[in-house]
Amino acid sequence: MQHARSIAPARQREGSPWTGLWAVVAKEMADYLTSARMMILEALILLTAFGTVYAASQNLRAGAGTSDDFLFLRLFTTAREPLPAFVGFLGLLVPLLAIALAFDSINGEFNQRTLSKVLAQPIYRDALLLGKFLAGLGTLALALTAIWLLIIGMGLLQLGVPPSSEETVRMLWFLLITIFYGGIWLALAMLFSIIFRQPATAALAAIAVWLFFTVFWGIIASLLARTLQPVPPGDTQALINQIQLELLLTRLSPNTLFSEVALAMLNPAVRALGIVLPIQLHNAIPGTPLPAGQSILLTWPHATGLIAATIVLFAIGYILFQRQEVRA
Amino acid sequence: MTDVVIECRDLTKQYGTFIAVDHLNLTVRKGEIFGLLGPNGAGKTTTILMLLGLTEPTGGSVRVLGLDPARQPLSVKARVGYLPDQVGFYDNLTARENLNYIAKLNGMREPEMSKRINEALAQVGLSNVADRRVKTFSRGMRQRLGVAEILIKQPQLIIMDEPTLALDPEAVREFLDLIRQLKASGITILLSSHLLQQVQAVCDRVGLFHQGRMVLEGTVGELAQRVLGGAYRIHVEAEGGDAVAAALHALPDVVKVSANGSQYNVEARADLRAEIARKVIEAGGKLLGLSVDTPSLDEVYARYFQKGAAYAARA
């Protein structure tokens, strides 16, 4: 084929594909951090952080005296009606923040007619796409870290005790996972911004996927598990298989992965994520906390899954973007 | 070789079954202003994108400044300035911030960067609005900012796609002046347009695109000679009826005469004004007016496509 022949020599491209990467990252991050939409979302997250953490600390003070080694972790997970706990909000707000950052990253440039101009500069498309992604992830990391520090600060003021090293490790690992949880939605929104020419369509598509996983996937997973693995009456093994299949299916959703990580990291008493048979608890002392290292091990597959999904989504977007025609 | 800035040999681009550019041969030399002309969809923008390595050619070869845009895109893009049609900017950034970003993408560093940006802004006359947001800029200002963006690279070749589209006449005039200044500083310029009068005003040579092929190439005068048959169009106003018309027809070198009352349009291969004056008087007519037009590209274009339709019908 003639086409293939003309492309073959182009495989050896001159120079580094990352030429200009940091110029893109710096510019995009400056844009993100000053954009109105980012400020609105940050205000929203700050507000929920203050509200939930304040409510949680009030609760914790009321219950002071009950010896609890993990007061700081409770700040994230204690709910007081009518507010859910802060982790519950995070599961909703982080995807929203990530989608808001990236839904117009490529089609916005296209509609603003800056794309062909930028690509006419001595950089590869790789640098533009990765630069935008890194800037998004950086912004996300910055915003979340700031909120983490605020929460810890509030905790110090309200509770009057510093977090233990055990708690610090757990909170840091949870922060890292939260950032990568955002990374998935960032990569997804960016993918849609490559596929759809209209930013509004891309935003809607990303929000649709998010809603699907938040609301419907749990129901669908349990339906699927029941149809694929029916349980004859009295067959315990089949029941276990069914539950395990359902668990597997729900874990395809990043929301599930994230909430399981939150559960395991912020509640040290959780020793397994899945079904535990009484026989497996033989010799265990119920309610004793796991060491942080063991909890990290427990959530390691989740972290791997979240990071892998981010990379896969980014790679799909990368391939599509490389093949896209620049012209209108 | 050093003299040739752009060289295309049998350059072809196919989208599916649609052939956007069909065996294009094009040579542009250093210091020239070359105009790519043709209706929308004739393949001008596709050609430009291939010159910049933004689209891979399906066949044929391209050399820009002696480099292959598909293999050495960074070197090509570092030396070539590209002004897309309706160039866009980051509207919430200032003019200077927009230029800063482009300069950084080109790997420039302070203090060289600020120096070049200030020079470029001064050259296009935007120094006094450098720190205003681009969203407040008029079309003409945006176009000039686009040129400034190119100038900070100090390019050897500038490619402009429909640069005067949607500009008002005053802005067009200023813009064409700017192009002439650039040429004076030794930069080669390739511009595409379907606004022929403007192209005619600045281009040294033009190439006429039609359905992916370059059907005509040369100076405006050469094209007129080839397409119009005669390069001279003479307006005659004379009273005297058929005798005058017959006299005009009888002149040698006359290609065509069209009459409208006492107005006659004569197309000729030479400047026949003196002969026409004599013949009109000899035929007993009253000569009221006589003038000659230099041929315009508009006519070449219109005439060519009339013929082109005829050629197509025959084929």
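Chain A has 13 helices and zero strands, where helices (H or I, at least four residues) and strands (E, at least two) are DSSP runs numbered from the N terminus. This is a predicted model, so local features need pLDDT of at least 70 and side-chain atom pairs count only at pLDDT 80 or more, while totals for chains, interfaces and linings use all residues. Residues are numbered from 1 along each chain as its sequence is written, and chains are lettered from A in the order in which they are written.

**Chain A overall**
- The C-alpha trace of chain A spans about 70 × 55 × 35 Å along its principal axes.
- Of the 328 residues in chain A, 38% are buried, meaning 20 or more other C-beta atoms (placed from the backbone) lie within 10 Å of the residue's own.

**Where the chains meet**
- Chain A puts 26 residues into the contact and chain B puts in 28 residues; a contact here is two C-beta atoms, placed from the backbone, within 7 Å.
- On the chain A side, α1 (2-7), α2 (21-34) and α7 (115-119) each supply at least two residues.

- B:I159 touches residues including B:L52, B:Y82 and B:L190, not counting residues up to four places away in sequence.

Notes. A residue is buried if 20 or more other C-beta atoms lie within 10 Å of its own, exposed if 12 or fewer, and partly exposed in between; C-beta atoms are placed from the backbone.
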